[in-house]
Amino acid sequence: MKINVPIIYVTPGMVTSEPLLTDVGLTICRSGRCLSETVISQIIGHGYKYIAIERSSIPEDVLNSILQTSGTISSVIQSEEFIRFETRYDAQLERAKQIIVDISKEKKIDMNEINQTINKTLECVEFRTSVFDYLNHIRVKDDYTYQHSINVSIIANVFAKWLNLNAEEILFITVAGMLHDVGKTQIDPNVLNKKGKLTDDEFALIKTHAKRGYDLIRRQNIPDRIKDAVLMHHEKIDGRGYPYGLVDLQIEPFAKIVSICDIYDAMTSNRVYRARMCPFDVIRTFERSSYGQLDTNFLLVFLRNIAYMYLGVKVLLSNNIEAEVVFINNNNLSRPIVKTIRDEVIDLSYSKELYIYSLV
């Protein structure tokens with residue numbers, strides 16, 4: 001008998017009851033495979049949230065924990081709207097990839113085409129804030145650079161509306177989000193997708209992508225603010241960014257916005273070297289390390305909207321207990337008040353030993 005087990009519960013020694021495949025149909029592991037830590041890491045890297053496990057191979061204490069929560073787990077990936085979104089996303093991702101490839105060959109940039117690509121992706125989503133949760137559940141694709149580009153463009157589009165920007169500014173931000181990493185098309189993919197730590201030379205090569213991207217588009221008939229956003233999206237307001245070490249007011253505001261979207265998507269997406277982070281981990285990371293580097297006015301708007309987006313959402317705590325987010329602490333956005341399935345109310349801003357492990 002098989003049970004669909006949340007990945008958080010999967011441990012070495014469990015046995016798969018179905019084959020696990022990559023997006024392109026390659027086998028990660030076969031049915032009946034006794035899992036090792038290495039294989040589990042590979043499974044996580046390919047974006048699996050649940051896998052089918054033989055019940056007899058699950059330790060009794062783990063099985064009890066799974067059964068306690070299985071009746072209340074409501075997976076986003078099973079919703080009709082998510083299925084429609086993923087289908088539309090996959091189609092528009094191919095379109096976005098072609099747009100970026102064409103631009104890398106110095107073909108004319110069509111801003112309306114980029115805008116339509118994003119709008120077509122979003123038009124099947126009733127509430128735009130849902131798209132953040134949906135992006136968190138999209139399986140990682142083989143060409144991460146293109147997936148990241150469309151994700152940043154989508155996030156930037158929604159963020160621009162949170163900032164109450166006008167229609168023209170929203171268009172510019174959406175285009176800048178799509179183009180921000182176009183310079184990576186000029187860099188060896190073996191370096192871009194390398195597993196493990198980059199050498200100093202490899203990191204220096206990666207850092208050239210902002211200037212390379214700017215050089216690709218600087219002669220195009222598009223607003224300078226978009227070009228500057230591509231050039232400056234890795235600049236930091238304390239002067240520690242690149243390529244020029246600019247400070248605060250020297251940095252194009254659109255670049256500051258794209259930078260936040262870029263970092264958020266990078267942390268919430270699966271990568272070749274680590275699994276994606278939970279959104280509350282991302283908020284905590286922003287809180288701890290980004291003040292003084294990112295524009296505080298933009299960052300606070302972003303983090304507050306992200307945090308409140310998960311009000312009422314089911315989460316899994318670090319003690320493997322499922323809970324619901326019932327209140328956001330404005331002074332500690334990453335540690336809300338939650339109510340567990342046992343009706344226990346916990347303020348995570350005081351219960352430091354607990355934290356939100358993942359969304360359910």
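Which residue in β6 is the bridge partner of valine 315? The structure is a predicted model, in which local features need pLDDT of at least 70 and side-chain atom pairs count only at pLDDT 80 or more, while totals for chains, interfaces and linings use all residues. Residues are numbered from 1 along each chain as its sequence is written, and side-chain values use heavy atoms, with hydrogens and water left out.

The partner of valine 315 in β6 is alanine 323, and three bridges join the antiparallel strands β5 (residues 314–317) and β6 (residues 322–327); strands are DSSP runs of E of at least two residues, helices runs of H or I of at least four, both numbered from the N terminus, and two strands pair if DSSP finds at least two bridges between them.

Helix α3 (residues 80–104) and helix α5 (residues 130–137) have axes that come within 11 Å and cross at roughly 70 degrees, where axes are lines fitted to C-alpha atoms, for helices over the stretch in contact, and angles run from 0 to 180 degrees between N-to-C directions. The two helices α3 and α5 are therefore roughly perpendicular to each other, a term for angles of 65 to 115 degrees. Their contact (heavy atoms within 4.5 Å) is made by Glu81, Phe82, Phe85 and Tyr89 of α3 and by Ser130, Val131, Tyr134, Leu135 and His137 of α5.

Terms used
Angles under 35 degrees count as roughly parallel, over 145 as roughly antiparallel, 65 to 115 as roughly perpendicular and the rest as oblique.
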